[in-house]
Every structure is written in C-alpha cells, then in structure tokens.
Amino acid sequence: MRRSSGAPYIPGVLERIGYELDMAGWAAAADAHLGRVVRVDRGLVSVLTEDGPLRTSIGGALLGRMAQDPTEGPCTGDWCVVRGWPDNRFTVERLLPRRTAVVRATAGEQSRGQVLCANVDVAAVVVALHPMPVLAKVERLVTLAWESGARPLVVLTKADLVTDAALLAEDVADAAPGVEVVVVSAVTGEGVDALRDRLDGRLTLALLGASGHGKSSLTNALVGAEVLSTLEIRDDGRGRHTSVRRELVPLPGGGAVVDTPGLRGVGLIDAEALAADCRFRDCAHQGEPGCAVADALAAGTLSVRRFESWQHLQRELRWIASRTDARLRAERLKEWRRRSRDAGRSRP
C-alpha cells in the first residue's frame, strides 16, 4: 500500500489493475470492500480486493435487479462493492457504473444481450494466421469490439506457423480500417512485448475470438507463466474449447488480461442501426425505395463484405430464434399433454 503526505490514498493492489480515484467513495462503510470481479461461475463471484482475493455470493438487492435484467449481474471486469458479514460471509452488494462493456446479442423475446466483460480499455480480436483468417469473421468481431466502447485491436497469433505473416496482416488491416493490427507468436515471443507495451498505464485487455486461436496461450505469454491451460488445435483446423469461463488475469507489470471462451457466433446489438433508417419497417434491402442500406452501399460508406456479413448474422440469429421457438412449443405441448392426462384421471 502506498500513501504520500497530503495526497489521497491509492490502493496498491487495485491500482495495478485500473483503480481510479473517483471509485474511493463507493465503499465508505466499515464493512465494505472495493474490488474487481475476476470470475463468475455458478452464482459465486471471485473478487480481487486490496486485502486479497475473496469468494463471494450475490446480495439480495442485486439479485432482485438481475431478475429484471440479467445484464445487471456481476461479470468479469466489473468494479464492485463487497460487504463482509459477522459469520465471515461476503456478498457483492452493488456494481460501479461500467465505462465499457463487450455485449453479445442473444436470441429470445426478452433478450437484452450478454455482457461478456466490462471496464476493458482494449478489445482485442484474436485471430490465428493458420489456418488462413476468414475476413468476414474478423469484421464481425471488430464491430463487436467497436461497440464495446473500448479501443479495438486485431492480434494475429501463431505467426511461427506461416511464412507470409506480413502479407496476411495487410489483408486483415484492409478488412478492419482504422484498427491497429499486431502480429504475435506465443511460441517464439514475437510481438508479445509490443502487445504488453500497449497496456502501459495499467490498462485492461480483453481477448475475443474463436476457440483454438491462441487466446489462453497469449495470456500465458503476457503473464510470463503458465496460468491458463491450453490444448493443441484439432487436425481439421478447428479449435478446442479450453477456457470455459471469462477470467481476469493481472499482469506482473500492471494491467490485466481478460481471457474469454471461444465465440461460436457473434451477435451485434447495434447491427440494426442502419436498417432502422429505411423508409419501410419490413425493408429487405433488395432495392426498395428509401432503403438506407442501399444508399450506404451506393455511397461506399458501407462495404459489400460488411453488408454480406450482416446478412449472414441476421440469418444466424433467425435460426437461433427458430430453435428457441421450437423448444418452447415442444415444452408447451408436453405441458398440455400432462394436464390432459391429469384431467382424465380426475374424472369420475
């Protein structure tokens, strides 16, 4: 802990992972602790505080808000207030306002999206150079990163497996204009120091991408130790799921990395923004008058590849929603049959 004469106290442990002075007033009570959520699993929350890590449950008031809106619940990267109880229990009582949040859309009538992680400064799209990157997928992940409010970054991993990493990086840069592209190898160490330098100022880096693209290996390389387990990629080039939950890992030199499970699909909460400006609400974007999407394509402000990716995403979400609807219909039919049998048994 550090305290200088005449200066406000800044926690030593939390300062290294992004603590800011305006957070101090949130935990004024004697039994309150300020902390940062490291991991959430099965209703239990791992929180890093100035006095060390705590394993906590969720307070009743916060549970009530979560029942109305699941995004109100703790997620990796949240800053929170933890209360200690006389029986040595701890509960997360409230969350501090999120500066940024990586949010993936989910299908369903009450969908508000799934918060993958919060309060990240850099949202890195992690894509392996082998097999060859699929640019449409890169674009969708970059859009997710932009919408988080964090600074997007593309990290191309497994540079040791290809001989044309620079050329592939140029292609990816063209597909993600305005976004910096970094080439790394967790095996040789290429680019790892450069990536670590981008967290100067004790920033938080979130790693987003599909399984098998080296997110856990990259986390280990940044930490300089084997803190997360990894698996070899499958023979067919598809990734195996190693990380099963989102986890915040502090870095020795300050800053933190959030490793995330592989994303099979990417839903974009704001993907409808452009389509919402069309003249007709049921516009199919196939030449209808007053189509804002067609105007953007003609003006060049929306690329054809981005539009095709968006169309694919809409088909994906409709398919997910149809599966959800089918499951609900099957459950309703099962319940109706059960009630019919019960009614038949009760008749004289």
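Counting a salt bridge as a side-chain nitrogen of Lys or Arg within 4 Å of a carboxyl oxygen of Asp or Glu, the total comes to ten salt bridges. This is a predicted model, in which local features need pLDDT of at least 70 and side-chain atom pairs count only at pLDDT 80 or more, while totals for chains, interfaces and linings use all residues. Residues are numbered from 1 along each chain as its sequence is written, and side-chain values use heavy atoms, with hydrogens and water left out.

Arginine 83 and aspartate 31 form a salt bridge at 3.0 Å, N to O. Arginine 83 is in strand 4 (residues 79–84), and aspartate 31 is in the loop between helix 1 (12–15) and strand 1 (32–41), so this pair ties together parts 52 residues apart in sequence. Helices (H or I, at least four residues) and strands (E, at least two) are DSSP runs, numbered from the N terminus. Arginine 83 is partly exposed at 31% relative accessibility, and aspartate 31 is partly exposed at 30%. Buried means under 20% relative accessible area, exposed over 50%, and partly exposed in between, with a 1.4 Å probe and protein chains only.

Next, arginine 39 pairs with glutamate 247, with the closest N and O atoms 3.6 Å apart. Arginine 39 sits in strand 1 and glutamate 247 in strand 12 (residues 247–250), so the bridge ties together parts 208 residues apart in sequence. Third, arginine 99 meets aspartate 121, the closest N and O atoms being 3.3 Å apart. Salt bridges with shared partners also join Arg39, Asp41, Arg55 and Glu247 into one network.

Now the cysteines. How many disulfides does the structure hold? With a disulfide taken as two cysteine sulfur atoms within 2.5 Å, there are zero. For cysteine 75, the nearest cysteine sulfur is that of cysteine 117, 6.8 Å away. Cysteine 75 is buried at 6% relative accessibility, and cysteine 117 is buried at 0%.

Valine 115 is in strand 7 (residues 114–118) and is buried, at 11% relative accessibility. Its C-alpha lies 4.4 Å from that of valine 103, twelve residues apart in sequence.

Last, the surface. Asp164, Glu170, Asp171 and Asp174 form a negative patch; patch residues have over 30% relative accessible area and no salt bridge, with like charges joined within 9 Å. Aspartate 171 is in helix 4 (residues 165–175) and is partly exposed, at 41%.

Conventions: Patch = residues over 30% accessible without salt bridge, like charges linked within 9 Å, V, L, I, M, F, W, Y side chains within 5 Å. Areas by Shrake-Rupley, 256 points an atom, 1.4 Å probe, with all protein chains shown as cover. Lys, Arg positive; Asp, Glu negative; His and termini not counted. Charge placed at Lys NZ, Arg CZ, Asp CG, Glu CD.
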